[in-house]
Amino acid sequence: MKCRKCGGTAVLELRRHNAAFCAPDFIEFFRRQVGEAVRRHRMFTREESVLVAVSGGKDSLGLWDVLLQEGYATTGLYLDLGIFDYSKESRAKCEAFAAQRGAPLLVVSVEQDLGAAIPEVQGATRRPTCSACGLSKRYLMNKAALEQGFPVVATGHNLDDEAATLFGSILHWQTEPLARQSPALPSTHPKLVRRVKPLYRLSERETAAYAFLRRIDYIVDECPFAKGATSLMHKEILNQLEDVSPGAKHNFLFGFLEKGRPAFERLADVTLNECARCGQVTTGTLCGFCKLSDQIKRAR
Amino acid sequence: MKVILRNPRREVEVGGRRRVRELLKELEILPETVLVIRGDEMITADTVVGDEDVIELRPVISGGRA
């Protein structure tokens, strides 16, 4: 197979684009897609400091790599979830990545704020572990950004992540998440920082290829709690569709963003309050993170 | 050829020359879910692989996020 751009030997075929690329031209394609996402959604400017949430995986480290290459002012944020060796290894990958590039990295322990590490959440709440973990990560990302003065947090969510989330929300017709799902969420409250997903135009296979070609040392193994997660099942279903109909995931997500989301957005009318305990933003009286922390205390 | 799979890590031996596309089909792996790596290079689905090759099929799926 030949590279669409230079005619050299291709290393990756992108069926949904009806194209194949050699390594340098794929890296160039990848960076352009990130650039397009940042511009189109006005995610951040070159004058702003961006907090990049990194997990040690291919997506977030790939994202940080692109932003550093493009000269953006970035700081990494690693959230230590306390998931045994998995967390130790992923933290080491983030620290090594940051050290090699001379980039600053903040480390925040979930246990310190939540009162327990993620493995302990199981049993304390009826929430699935991945859901409690996601809630904690969103909370701590926002808190860290506010405390350190960052106007924006960037995460490594890719096209497959976004398509799987969309699929899950539609299966249950969860209109509130549908109204909120976007590559860029503006700050709608002084205590809520902007959240952006610069990789939303790139598939999971493309982010893995970028990380491999850039020789980024990332954690390939799966989080032990992810086994059997619903989102993985949704990804598998979407990949089966993609196999017989290249571009299915792209069309599903991009069609929603263009035509579906505006309809749900009109319906959403949420009042934001400050949590009575911690002061972070919530739609209720007590925020989800403080409730989860209470459940853990009660379970002990 | 030796084929290395992950999550969990395991190795399978496959005999004979064939294209990567056919190898994936035999192993019932969707092309969208893996990078195909030979040595330290990625290869495309039309590449012919043979007995002497060591092929890593690296999964690209991550998650568990709710």
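Which residues touch the most other members of the largest nonpolar core? The legends below begin with the answer. This is a predicted model, where local features need pLDDT of at least 70, side-chain atom pairs count only at pLDDT 80 or more, and totals for chains, interfaces and linings use all residues. Residues are numbered from 1 along each chain as its sequence is written, chains are lettered from A and ligands numbered from 1 in the order in which they are written, and side-chain values use heavy atoms, leaving out hydrogens and water.

**View 1. The largest nonpolar core has 94 residues.** Phe26(A), Phe44(A), Leu35(B) and Met42(B) touch the most other members. Helix α6 (residues 129-148) of chain A gives the most to this core, with 9 residues. A second, separate core of 14 residues includes Met1(B), Leu5(B), Ile43(B) and Ile55(B). A nonpolar core is a set of buried Ala, Val, Leu, Ile, Met, Phe, Trp, Tyr and Cys residues joined through side-chain atoms within 4.5 Å; buried means under 20% relative accessible area, exposed over 50% and partly exposed in between (1.4 Å probe, protein chains only). Helices (H or I, at least four residues) and strands (E, at least two) are DSSP runs, numbered from the N terminus.

**View 2. Thr155(A) sits in the loop between β6 (152-154) and α7 (159-171) of chain A.** Thr155(A) counts as buried because its relative accessible area is 9%. Its side chain makes a polar contact of 2.8 Å with the side chain of His157(A). Such a contact is a pair of N or O atoms within 3.5 Å; within protein, one must be able to donate a hydrogen and the other to accept it, and residues adjacent in sequence count only if both atoms are side-chain atoms. Leaving aside residues up to four places away in sequence, Thr155(A) touches Ala53(A), Leu63(A), Met141(A), Val196(A), Lys197(A) and Pro198(A), where contact means heavy atoms within 4.5 Å.

**View 3. Helix α7(A) is mostly covered, with 10 of its 13 residues buried.** Among the buried residues are Leu159(A), Leu166(A) and Phe167(A). What covers them includes α8 (175-180), α9 (204-213), α10 (230-244) and α11 (248-267) of chain A. At the start of α7(A), a side-chain oxygen of Asn158(A) comes to within 2.9 Å of the backbone nitrogen of Asp160(A). Just after this helix, Trp173(A) takes a positive phi of about 45°.
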